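Q: I have a model open in my viewer and would like to learn how to read its features. Could you walk me through a few?

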Amino acid sequence: PQGIGSPSVYHAVIVIFLEFFAWGLLTAPTLVVLHETFPKHTFLMNGLIQGVKGLLSFLSAPLIGALSDVWGRKSFLLLTVFFTCAPIPLMKISPWWYFAVISVSGVFAVTFSVVFAYVADITQEHERSMAYGLVSATFAASLVTSPAIGAYLGRVYGDSLVVVLATAIALLDICFILVAVPESLPEKMRPASWGAPISWEQADPFASLKKVGQDSIVLLICITVFLSYLPEAGQYSSFFLYLRQIMGFSSESVAAFIAVLGILSIIAQTIVLSLLMRSIGNKNTILLGLGFQILQLAWYGFGSEPWMMWAAGAVAAMSSITFPAVSALVSRTADADQQGVVQGMITGIRGLCNGLGPALYGFIFYIFHVELNELPMPESSPGGSAVTQYHLQQNSIIPGPPFLFGACSVLLALLVALFIPEHTNLNVRSSNWKKHCGSHGHPHSPQAPGEAKEPLLQDTNV
């Protein structure tokens with residue numbers, strides 16, 4: 001096969017690292033360009049842009065996964081990375097085109113789905129979870145370092161250099177895929193005909209959601225995931241903009257916040273999660289994570305000082321244990337032949353939230369008149385007191401209304417999760433599911449009983 005060496009997890013790791021390192025560099029410049037392009041209704045437009053991208057990604061992921069089962073992974077790695085990174089050089093050429101292309105690029109913003117399929121092709125069942133963890137850790141590492149580097153280079157040399165550097169890294173990623181990445185799906189493993197294997201059932205993004213009501217326990221789990229992940233998806237899309245413009249964080253402070261939060265989240269999802277699972281059990285770990293999420297969102301909603309955001313960020317890291325604990329609960333309680341069905345439902349709901357959450361947050365900011373049209377740009381203000389005072393004059397009771405709404409949503413999720421039994425046996429009919437699960441993993445490799453088929457992270461979270 002074309003490429004350097006035989007297919008390995010390290011090929012996938014490098015692809016992921018370069019793509020998200022390039023985007024991480026643009027964290028601070030994107031916030032500035034967003035405010036300059038949409039001085040009125042900034043949060044609303046940001047929510048619409050990210051919402052459209054999330055919905056398009058949700059709709060296209062099954063189709064791209066199914067096509068990669070037929071045409072191979074390398075071509076779709078190239079396609080997804082190219083279109084995901086295509087908006088980067090447009091930031092300085094035309095901001096309007098930049099945000100328009102970001103929205104449309106959601107059709108191909110499914111690199112993780114293809115990467116995890118690539119990893120599934122080349123790993124055995126017992127080593128697949130470790131390989132997925134390595135890919136996810138690489139994703140986190142790229143975002144821990146790159147925003148700080150981008151903020152520093154932008155302050156010293158200007159944002160244009162940051163955009164050029166990000167474009168160069170994206171081109172390096174594309175060249176790496178073309179030259180070095182070998183195809184992971186052997187020709188003999190692909191269907192004989194290119195057209196016949198692709199059916200509507202494989203490409204239907206709602207296929208997993210249609211099975212939600214077939215089991216009461218599955219329904220409770222899916223409602224819990226929806227109510228808890230909807231505010232999380234909205235928070236991802238607007239929180240750094242909120243810190244930068246409303247709370248008065250500098251570019252360096254935002255980058256430091258991302259780095260600290262990323263490191264704490266990695267610790268929480270590894271060491272802390274394993275300790276909690278052993279000591280208090282699976283269900284109680286979920287409830288604890290939801291409790292931390294309620295506290296974090298309420299703190300974000302009522303917080304009016306930068307130190308409050310830092311304190312709430314530490315709580316936010318602890319709240320990141322919720323979804324891994326939910327996935328573990330599903331893996332432990334579902335039969336071996338039901339893993340793809342139930343995990344597919346959960347991932348489908350998360351994908352839907354990635355589209356609905358940002359739009360909902362932007363709309364709530366708009367309703368409560370949280371606007372940026374009169375705010376100065378806090379380039380060097382360490383505490384942002386002037387910005388905070390202005391904002392508190394406009395909205396003294398609830399500085400961040402969407403976060404408070406999110407806390408109420410997670411509270412409902414906590415109440416629903418109380419009714420989920422600790423030990424149960426999920427029973428979801430999966431007669432036609434095997435074709436659909438092929439869109440997320442290798443169709444010829446059986447799934448290990450305790451292992452999720454779905455991507456561990458969503459691209460649109462970035």
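Predicted model: local features only at pLDDT ≥ 70, side-chain atom pairs only at ≥ 80, totals over all residues.

Q: What span should helix H7 have, and what do its end C-alpha atoms show?

A: A helix has an expected span of 1.5 Å times one less than its number of residues. Helix H7 covers residues 111–122, so its 12 residues should span 16 Å, and the 17 Å between its end C-alpha atoms agrees with that.

Q: Is H7 buried or exposed?

A: Buried means under 20% relative accessible area. In H7, 11 of the 12 residues are buried, so the rest of the structure largely encloses this helix. Among the buried ones are Phe112, Phe116, Tyr118 and Asp121.

Q: Which residues make the nonpolar surface patch?

A: Val260, Ile263, Leu264, Ile267, Ile271, Leu275 and Trp310 form a patch of about 580 Å². Helix H12 (residues 251–279) gives the most to it, with 6 residues. Trp310 sits in helix H14 (residues 306–319), and its relative accessibility of 34% makes it partly exposed.

Q: Where is Ser409, and what does it touch?

A: Ser409 belongs to helix H18, residues 401–417. Because its relative accessibility is 6%, Ser409 counts as buried. Leaving aside residues up to four places away in sequence, Ser409 touches Leu227 and Pro231.

Q: How many disulfides does the structure hold?

A: A disulfide needs a pair of cysteine sulfur atoms within 2.5 Å. The structure holds 0 disulfides. As for burial, Cys85 is buried at 4% relative accessible area, and Cys353 is buried at 0%.

Technical notes: Residues numbered from 1 in each chain as written. Heavy atoms only, no water. Helix = DSSP H or I, 4+ residues; strand = E, 2+ residues; numbered from the N terminus. Buried < 20%, exposed > 50% of the residue type's maximum accessible area, 1.4 Å probe, protein only. Contact = heavy atoms within 4.5 Å. Patch = residues over 30% accessible without salt bridge, like charges linked within 9 Å, V, L, I, M, F, W, Y side chains within 5 Å. Areas by Shrake-Rupley, 256 points an atom, 1.4 Å probe, with all protein chains shown as cover. Salt bridge = Lys/Arg side-chain N within 4 Å of Asp/Glu carboxyl O.
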